[in-house]
Amino acid sequence: MSGSQRALQAVPAWIRAALLAGLAAQLGVQALRPPPAAAAEDLPPAPRAQALRAASLGEPAALSRLAMLYLQAYDLGAGNALPYQRLDYARLAQWLRAILDTDPRSEYPLFAAARVYAEVADPAKCLEILAFIHQAFLEDPNRRWPWLAHAALLAKHRLQDLPLARRYAADIERLATDPGIPLWARQMEIFILEDMNELEAAKIMIGGLLATGRITDPQERRFLQGRLEELQRRVAPEH
């Protein structure tokens, strides 16, 4: 353990709590203060995660939440007619990255990324956030798969980018190994393959799922077997 860590642990809890409250007040004041030019493009550079953890005084979860409130209040305080649209999304992704690294178990940055910042009309900005979600998923697939599933739906329906949607769905199937992950999430790639008219690939994938023995629920096996038979009928006339 480093000397700085020992020194921090030696500080009484009530003092650390007071310091954290002061930091919260400072962030709150900054969040509510209107930017001088009232421009969301002026989102400041993201702090480093190490700096945020050091400032958290041993309470990274609390500071992560405060930083998210600051980030969201910053844009709301800018008086934008189109919320979030004018933000520098490269900088925004860096903020989300730093906040997530400060408290990796927090769902807040990924929720905001998937359900707020990615749902904009600008495809380039949407892609910036989807890339952040994908990278975060790769670091913890079994906990973060729901956010990549949402990213796959956005890629499919909002961006009309079926290859990207398939890539995200394939990573869920390949990397998220928790047996509690629902069948619909494991099947996303099959549906996308069908949308791409890649019926042979979809048929092979279903056959592989059934052959591996990973699908143990009888209803799930019957459902997949039914889809496999349907695909075989659809593919047959082509041969």
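Glu139 is partly exposed, at 42% relative accessibility. The model is predicted, so local features need pLDDT of at least 70 and side-chain atom pairs count only at pLDDT 80 or more, whereas totals for chains, interfaces and linings use all residues. Residues are numbered from 1 along each chain as its sequence is written, and side-chain values use heavy atoms, with hydrogens and water left out.

Glu139 pairs with Arg97 in a salt bridge. Their closest N and O atoms are 2.9 Å apart. A salt bridge is defined as a side-chain nitrogen of Lys or Arg within 4 Å of a carboxyl oxygen of Asp or Glu. Arg97 belongs to helix H5 (residues 89–102) and Glu139 to helix H7 (residues 123–139), so this pair ties together parts that are 42 residues apart in sequence. Helices are DSSP runs of H or I with at least four residues, numbered from the N terminus. Arg97 and Glu139 also take part in a network of salt bridges that links them with Asp101 and Arg144. Across the whole structure, a search finds 11 salt bridges. Side chains of opposite charge can pair when their charged atoms come close.

A further salt bridge joins the side chains of Glu107 and Arg143, at 3.3 Å from N to O. Glu107 sits in the loop between H5 and helix H6 (108–117), and Arg143 in helix H8 (residues 141–158), so the pair ties together parts that are 36 residues apart in sequence. Glu107 is partly exposed at 31% relative accessibility. Arg143 is partly exposed too, at 23%.

Helix H12 holds both members of another pair, Glu200 and Lys203. They are three residues apart, about one turn of the helix. The closest N and O atoms of this salt bridge are 3.5 Å apart. Glu200 is partly exposed, with a relative accessible area of 32%. For Lys203, also partly exposed, the value is 21%.

Positive phi values were examined next. Asn197 is not a glycine, yet its phi is positive, at about 65 degrees. This residue lies in the loop between helix H11 (188–195) and helix H12 (199–212). Asn197 is exposed, with a relative accessible area of 55%. Leu57, likewise a residue other than glycine, has a positive phi near 55 degrees. Leu57 occupies the loop between helix H3 (49–55) and helix H4 (60–76). At 18% relative accessibility, Leu57 is buried.

Note on methods: Helix = DSSP H or I, 4+ residues; strand = E, 2+ residues; numbered from the N terminus. Buried < 20%, exposed > 50% of the residue type's maximum accessible area, 1.4 Å probe, protein only.
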